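Biologist: Hi! Could you walk me through this one, a bit at a time?
Modeller: Happy to. Let's get it up on the screen.

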Amino acid sequence: MASKIFVSYKYKDENVYPLRGDLLAEMSYPTTVRTYVDKLEKYFDKTSSTIYKGESDDEDLSLISDDAIWDKLKDRIYDTTVTIVLISPNMKELSRSDKSQWIPWEISYSLKETTRKDRTSRSNAILAVVLPDKNNSYSYFLGYEQCYDGSYKFNFDVVFDILRKNMLNKKISKNCYYGVLNYDEEHSYIKTVKWSEFIREPLKYINIAIDIKSHIDEYNIVKEI
């Protein structure tokens, strides 16, 4: 059965590595996170293993109310099984609370079990794909490697609390030599992968996230913002 996928992201964040090879085109239409979503949407359209349920770039929601937008988003997320969160340098507006921004609500709704009529949705598998910054670096979020298993040190300041609380949240853990929590196998419910690795084998990482979801009881899941 094909996986139905919703993508959560900061639309206008331009602090990401250019995807276009044409310098003139890049100057006229700078790469944003939405450019990465367009690339994903084209990939999903070409494979029978995935169905894209997010909004298209030509879909104008600017003239409808926030409540109407949220109703549309809930309808789409309710019908999905996987949520991909694109982490970018400016995804979080530090001057605003998490509750006043869309991404935390989308993640929260993705994790909840919601009943409509006689059908209850289950928590989505969630995959966090870290996009490269302007310098083609991931270090704004993924720090140097620690521990013998190559676990990353995360810079949680750039992401929302609901992401942070569902990472490094496996119930059974142990301390590594450097005093950083180290987990057997997948240490986070929200699997994290660099864009450069993900785009080579998207289905591989989507399936890893789905497998983690099948063991959701092994994680301390936070569903509220």
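Modeller: One thing to keep in mind is that this is a predicted model.
Biologist: Got it. Which residues is Gln101 in contact with, leaving aside its neighbours within four places in sequence?
Modeller: Met91, Lys92, Glu93, Arg96 and Phe160. Gln101 itself sits in the loop between β3 (82-87) and α4 (102-111).
Biologist: And is Gln101 buried or exposed?
Modeller: Buried, at 5% relative accessible area. Its side chain also reaches the backbone oxygen of Ser97, at 3.3 Å.
Biologist: Which residues form an aromatic cluster?
Modeller: Trp70, Trp102, Trp105 and Tyr109 form one. Those four are also among the residues where α3 meets α4.
Biologist: How many aromatic pairs does the structure hold?
Modeller: There are 11. One of them is Tyr36 with Trp195, edge-to-face, with 4.8 Å centre to centre and 85° between the planes. Tyr36 is in α2 and Trp195 in α6, 159 residues apart.
Biologist: Why do you call Trp195 buried?
Modeller: Because its relative accessibility is 6%, and buried means under 20%. Tyr36 is buried too, at 1%.
Biologist: What about Phe141 and Phe154, how are they arranged?
Modeller: They are stacked, 5.2 Å centre to centre with 10° between the planes. Phe141 is in the loop between β6 and β7 and Phe154 is in β8, so the pair ties together parts 13 residues apart in sequence.

Note on methods:
Residues are numbered from 1 along each chain as its sequence is written. This is a predicted model: local features need pLDDT of at least 70, side-chain atom pairs count only at pLDDT 80 or more; totals for chains, interfaces and linings use all residues. Side-chain values use heavy atoms; hydrogens and water are left out. Helices (H or I, at least four residues) and strands (E, at least two) are DSSP runs, numbered from the N terminus. Buried means under 20% relative accessible area, exposed over 50%, partly exposed in between (1.4 Å probe, protein chains only). A polar contact is a pair of N or O atoms within 3.5 Å; within protein, one must be able to donate a hydrogen and the other to accept it, and residues adjacent in sequence count only if both atoms are side-chain atoms. Contact means heavy atoms within 4.5 Å. Rings of Phe, Tyr and Trp (its six-membered ring) pair if their centres lie within 6.5 Å; planes under 30 degrees apart count as stacked, over 60 as edge-to-face and the rest as tilted.
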